[in-house]
Amino acid sequence: MKTDQTRAVVLLSGGMDSCVCAALAVRDFGAASVAAMHISYGQRTEKREQQSFRDVCARLEIVQRMMLRNEALPAIGGSALTDTKIAVPETGEIADGIPVTYVPFRNAHFLAAAVSWAEVLGAERIYVGAVQQDSSGYPDCRPEFYQAFNEAVRTGTKEGKIRIETPLIALRKAEIVRLGLELGAPFDLTWSCYSRDDQACGTCDSCVLRRRAFAAAGARDPILYVSQAEAH
C-alpha cells in the first residue's frame, strides 16, 4: 500500500530496542506517517515476536504494516537462533567475543527489504534499533556498518534520499529504558528472550541484558521471567 504521507519505515522485531525506535518514529512523524516492517527468519521465538509486533503496532496506532519471512537465513544456519542443533547459551553471564546467537549478516537482509519498501512508499527514513553499547557484540550493529550501508543506499536507489537512522546505537541499555519510559513505549508488549516463547527464560544473553538495563534504570521490567532472581 502506497501513501503520500508515509515518511518513515521502522524495522520492528517486537523487542525492547525496536519498540523504542517505533515510539521515536511516531513522536517524530506521527503514527499515520509511519510504516512498520517485521521480518521472521526461522528464529526459535518467531511466533511470539510476531505477536509482539502486532501488539506494539496496535498500541502505537501504526496501521501501515508489512510482515515478511526470510527463507535464506534459516537455510544458511550458523546461529543458535536458527539452528536447533546449536544450543542457546543460558549461563546468566555475557560471553566474550561474538556469541553463537549472532545470525550471520542478518541486519543486511533486513535493511535491504526495508529500503526496498521505503523506496516504494516514498519514505526517506528507516529507523532501526541497533545498539552497540551493552550489546552482545554483533558486528552488524556497529556504527561503521550503518555508515557503509547508507552509502550503498545512496548510490543504489533511484533518488538516493533514503537514510537509515540508528538513534539508539550509542546509548546504554539503561538509557534506552529511560527514553522508552519517557516516550510511553509499550515495554509490556515486547519480547526479548532468545529461547522461549511462553515465558522469558531470564538467563539468555538477551534476557540478561534487558534485566540489567531495567535494574540500572531503577525501573520495573513489566514482563515475567522463569528465573526471577535479581539481575546482576
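The structure is a predicted model, in which local features need pLDDT of at least 70, side-chain atom pairs count only at pLDDT 80 or more, and totals for chains, interfaces and linings use all residues. Residues are numbered from 1 along each chain as its sequence is written, and side-chain values use heavy atoms, with hydrogens and water left out.

**Overall fold**

- The chain contains 7 helices and 5 strands, where helices (H or I, at least four residues) and strands (E, at least two) are DSSP runs numbered from the N terminus.
- Read from the N terminus on, the order of these elements is β-α-β-α-β-α-α-β-α-β-α-α.
- The radius of gyration of the chain is 17 Å, which agrees with the value near 17 Å that a compact globule of 232 residues would have; this radius is taken over C-alpha atoms, and the globule rule is 2.2 Å times the number of residues to the power 0.38.
- Along the principal axes, the C-alpha atoms fill a box of roughly 50 × 40 × 30 Å.
- Of the contacts between residues at least 6 apart in sequence, 73% join residues at least 24 apart, a contact being heavy atoms within 4.5 Å.

- Strand S2, which covers residues 34-40, is mostly covered, since 7 of its 7 residues are buried.
- Val 34, Ala 36, His 38 and Ser 40 point one way from S2, whereas Ala 35, Met 37 and Ile 39 point the other way, and all of them are buried.
- Strand S1 (residues 8-11) pairs with S2 in the parallel sense over 4 bridges, and two strands pair if DSSP finds at least two bridges between them.
- Val 10 stands opposite Ala 36 in S2.

**Arg 54 in helix H2**

- Arg 54 has its place in helix H2, which covers residues 46-60.
- Arg 54 counts as partly exposed because its relative accessibility is 34%.
- When its neighbours within four places in sequence are left aside, Arg 54 is in contact with Arg 65 and Met 67.
- Arg 54 and Ala 108 are 54 residues apart in sequence, and their C-alpha atoms are 23 Å apart in space.

Conventions. Buried means under 20% relative accessible area, exposed over 50%, partly exposed in between (1.4 Å probe, protein chains only).
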